[in-house]
Amino acid sequence: MAGVRVVLVGPPGAGKGTQAIRLAGSLGVPHISTGDLFRANLSRRTELGLAAQRFMDAGELVSDEVTVGMVADRLTDPDTENGFILDGFPRTVAQADALAELLARDDHELDAVVALEVPEDVVVARLLGRGRGDDTEEVIRRRQQIYREETYPLLRHYASRTVTVDAVGEVEEITGRVLDALRTRT
Ligand code: AMP
């Protein structure tokens with residue numbers, strides 16, 4: 001494979017982070033999570049982190065402008081030259097368009113979009129067990145609603161490059177399904 005430029009899409013709690021780390025390890029590309037980047041900025045108390053905080057606490061999306069700027073910056077790091085696994089970005093069609101533009105500057109495009117499919121009651125139960133600061137029931141519900149309204153439409157936008165993977169099961173098993181799906185795709 002020349003490059004592995006992959007986006008993981010799925011509702012909060014679908015296991016994107018867990019799978020993205022495993023896939024990045026086995027494909028030899030970095031895992032880029034916008035949620036992790038925001039949390040790292042927040043723990044360093046950067047301006048960007050502090051600006052993002054109230055959105056994160058409420059389960060709302062940080063503005064496309066701030067989010068895209070942060071990703072654009074990360075994609076200039078040399079470790080992304082041969083690809084990446086993006087986790088939690090894009091989350092809106094506007095972010096997807098911005099990403100396509102960023103990649104086109106280097107004559108690149110996405111190789112695949114992996115849609116992790118999990119029923120909503122399963123993801124809510126998982127998130128309640130995770131215990132992160134933004135994992136209260138109210139915020140979880142809001143994040144699921146935003147997923148349905150803003151992010152789910154991305155799968156239509158990306159239809160021609162989307163592979164759908166059943167994300168209920170053992171972690172290793174799901175990684176295997178994603179790798180199989182990518183092999184047939186990229
Ligand atoms: P996550 O770790 O992916 O669940 O993200 C945690 C929080 O970070 C989200 O609830 C949003 O407030 C913010 N966030 C992460 N990724 C994005 C994105 N692509 N666009 C806007 N906000 C984001």
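P90 sits in the loop between β3 (83-87) and α5, where helices (H or I, at least four residues) and strands (E, at least two) are DSSP runs numbered from the N terminus. The peptide bond that leads from F89 to P90 is cis, with omega near -5°. As background to both, most residues other than glycine have a negative phi, and most peptide bonds are trans.

The model is a predicted one, in which local features need pLDDT of at least 70 and side-chain atom pairs count only at pLDDT 80 or more, whereas totals for chains, interfaces and linings use all residues. Residues are numbered from 1 along each chain as its sequence is written, and side-chain values use heavy atoms, with hydrogens and water left out.

The ligand is surrounded by 16 residues, of which the closest are T34, R39, E60, G88 and Q95; a residue counts here if one of its heavy atoms lies within 4 Å of the ligand. Some of the surroundings can be described atom by atom as polar contacts, that is, pairs of N or O atoms within 3.5 Å. A polar side-chain atom of R39 is 2.9 Å from an oxygen atom of the ligand, while a polar side-chain atom of R91 is 2.9 Å from a nitrogen atom of the ligand. For G88 it is a backbone N or O atom that lies 2.8 Å from a nitrogen atom of the ligand.

The helix packing comes next. Two packed helices are described by the angle between their axes and the distance between the axes. Axes are lines fitted to C-alpha atoms, for helices over the stretch in contact, and angles run from 0 to 180 degrees between N-to-C directions. Angles under 35 degrees count as roughly parallel, over 145 as roughly antiparallel, 65 to 115 as roughly perpendicular and the rest as oblique.

Helices α2 and α3 pack at an angle of about 120°, with axes 8 Å apart, and they are therefore oblique to each other. Their crossing is left-handed, a term used if the near helix is turned anticlockwise from the far one by less than a right angle, with right-handed used if clockwise. On the α2 side the contact (heavy atoms within 4.5 Å) is made by G35, F38, R39, N41 and L42, and on the α3 side by L48, G49, L50, A52, Q53 and M56.

Helix α4 (residues 64-74) packs on helix α5 (residues 93-104) at an angle of about 30°, with the axes 10 Å apart, so α4 is roughly parallel to α5. The crossing of this pair is right-handed. D64, T67, V68 and A72 of α4 meet A94, Q95, A98 and L102 of α5.

Finally, helix α1 (residues 16-27) and helix α9 (residues 171-185) pack at about 55°, with their axes 10 Å apart, which makes α1 oblique to α9. Their crossing is right-handed. In this contact T18, Q19, R22, L23, S26 and L27 of α1 meet V171, E172, I174, T175, V178, L179 and L182 of α9.

Conventions: Polar contact = N/O pair within 3.5 Å; in protein donor to acceptor, adjacent residues only side chain to side chain.
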